[in-house]
Amino acid sequence: MTENAFNDFFQAEAKMFLLATIRIALSEDGPDLTSMGLFEQDDIATAQIIAKEDTVISGLPLINLILEFADQENKCQVHLNVDEGDKISTGTLIAAIQGPAGLLLKAERVILNFISHMSGIATETRKYVDALDHSETILLDTRKTLPGLRYPEKYAVLCGGAKNHRLNLVEMLMLKDNHIDRAGSITSAVEKLRAKYGEECPPIEVECRNQEEVDEAVATKVERIMLDNMTFDEAKAAIATIPDEIETEISGNVTLETIAALAEAGPDYISVGRITHSAKCSDMSMQIVSM
């Protein structure tokens, strides 16, 4: 991936949320009294960000954004040694930053928090993507993200090689069991949504728990059917009854150990919440190497 991919993703609302999150992260730390007491403004240093374990990189463009928020003058120069989405090994030099020592140290933890978290998600995502190599099934994320970090986390999923499900509740209408139970039936719920939004109605996905619900969803000609927590045999049988023009998705308790087998059922997509909500942060450090 390139910086253009980052800029394409973080537009309008996405960028607004990202910048707000960076602002909050820096505000939580307050003034760096330690660095202010030790360094003058013209003390220049060089820092290196080093990978302390094998990882897939995500979030590098945030380095400059964070430095700009920490100091509007941003007298730092950032030299990237790897690209977004690269799989790197322990000890790899990720980036070198030259600038005021106080600024580097104030921004250090915020930079590492973002990049290590996003890289951890990209790394976990890549494992699941690799497990699907044998199939045409596409890995999707979910909305199981940390509040305020939806967009960085979903961008990290892209760096890992998967695709986003929906960024928000506007891009796709999803009928879950609570919606269906409240509306009385899948048919009734779909009819109400189409009547409400008319020609502007977003794509509709229906979460189905059994074959009976799948059959009803197919009859309504929705855009996608999610097979929720079905066994392999149930999912495979259900997919055989769904016409090609309706997309299929398997979801629910999918693990790295089970995803390859589930793909054999032939879904267009498999969605996995744990690639965001359970990914471990990648271990990396920032070290001052010269003053």
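User: In this chain, what share of the contacts with a separation of 6 or more comes from residues 24 or more positions apart?
Analyst: The model is a predicted one. Its secondary structure comes to 12 helices and 12 strands, and its C-alpha atoms fill a box of roughly 70 × 40 × 30 Å along the principal axes. Among contacts with a separation of 6 or more, the share from residues 24 or more positions apart is 69%.

User: What percentage of the 291 residues in the chain is buried?
Analyst: A residue counts as buried when its relative accessible area is under 20%. Applied to the 291 residues of the chain, this criterion gives a buried share of 49%.

User: What is the strand order of the open sheet of four strands?
Analyst: Strands of a sheet pair through backbone hydrogen bonds, either parallel or antiparallel. In this open sheet of four strands the pairing is antiparallel, and the order is β3-β5-β1-β12.

User: Which strands stand at the edges of that sheet?
Analyst: A strand at the edge has a single partner strand, so one side of it is left without a neighbour in the sheet. From one strand to the next, the twist averages 20°. The strands at the edges are β3 (77–80) and β12 (284–290).

User: How many bridges join β3 to β5?
Analyst: Strand β5 covers residues 93–100 and runs antiparallel to β3. Within this pair, Val78 stands opposite Ile97 of β5. The number of bridges joining β3 to β5 is four.

User: What angle does the direction of α4 make with that of β3?
Analyst: Helix α4 packs on the sheet, where it touches β1 (44–51), β3 and β5. The angle between the direction of α4 and that of β3 is about 165°.

User: Which strands does helix α5 touch as it packs on the sheet?
Analyst: Helix α5 spans residues 101–131, and its direction makes about 155° with that of β12. The strands touched by α5 are β1, β5 and β12.

User: Is Thr46 buried or exposed?
Analyst: Thr46 is found in strand β1. Residues up to four places away in sequence aside, Thr46 touches Ile97, Gln98, Gln287, Ile288, Val289 and Ser290. With a relative accessible area of 16%, and the limit for burial being under 20%, Thr46 is buried.

User: Which residues does Leu65 contact, leaving aside its neighbours within four places in sequence?
Analyst: Leu65 is found in helix α4, residues 62–70, and its relative accessibility of 14% makes it buried. The C-alpha atom of Leu65 is separated by 10.0 Å from that of Arg23, 42 residues apart along the chain. Beyond its sequence neighbours, Leu65 is in contact with Phe6, Leu18, Leu19 and Ile22.

User: How are α8 and α9 oriented relative to each other?
Analyst: Two packed helices are described by the angle between their axes and the distance between the axes. The axes of α8 (residues 186–197) and α9 (residues 211–220) come within 9 Å and cross at roughly 30°. Angles under 35 degrees count as roughly parallel; α8 and α9 are therefore roughly parallel to each other.

User: Which residues make the contact between α8 and α9?
Analyst: The crossing of α8 past α9 is right-handed. On the α8 side the contact involves Ile186, Thr187, Val190 and Arg194, and on the α9 side Glu213, Glu216, Ala217 and Thr220.

User: What is the phi value of Ala12?
Analyst: Ala12 lies in helix α2, residues 12–29, and is exposed at a relative accessible area of 69%. Its phi is positive in a residue other than glycine, near 45°.

User: What is the phi value of Asn253?
Analyst: Asn253 has its place in the loop between β10 (247–251) and α11 (259–263). Asn253 counts as exposed, at 64% relative accessibility. Its phi is again positive in a residue other than glycine, near 55°.

User: How many disulfides does a search of the whole structure find?
Analyst: A disulfide requires two cysteine sulfur atoms within 2.5 Å. The sulfur of Cys201 is 16 Å from the closest cysteine sulfur, that of Cys208, which is too far for a bond. Cys281, which is partly exposed at 39% relative accessibility, has its nearest cysteine sulfur, that of Cys159, 15 Å away. The number found in the whole structure is zero.

Note on methods
Residues are numbered from 1 along each chain as its sequence is written. This is a predicted model: local features need pLDDT of at least 70, side-chain atom pairs count only at pLDDT 80 or more; totals for chains, interfaces and linings use all residues. Side-chain values use heavy atoms; hydrogens and water are left out. Buried means under 20% relative accessible area, exposed over 50%, partly exposed in between (1.4 Å probe, protein chains only). Helices (H or I, at least four residues) and strands (E, at least two) are DSSP runs, numbered from the N terminus. Contact means heavy atoms within 4.5 Å. Two strands pair if DSSP finds at least two bridges between them. Axes are lines fitted to C-alpha atoms, for helices over the stretch in contact, and angles run from 0 to 180 degrees between N-to-C directions. Angles under 35 degrees count as roughly parallel, over 145 as roughly antiparallel, 65 to 115 as roughly perpendicular and the rest as oblique. A crossing is left-handed if the near helix is turned anticlockwise from the far one by less than a right angle, and right-handed if clockwise.
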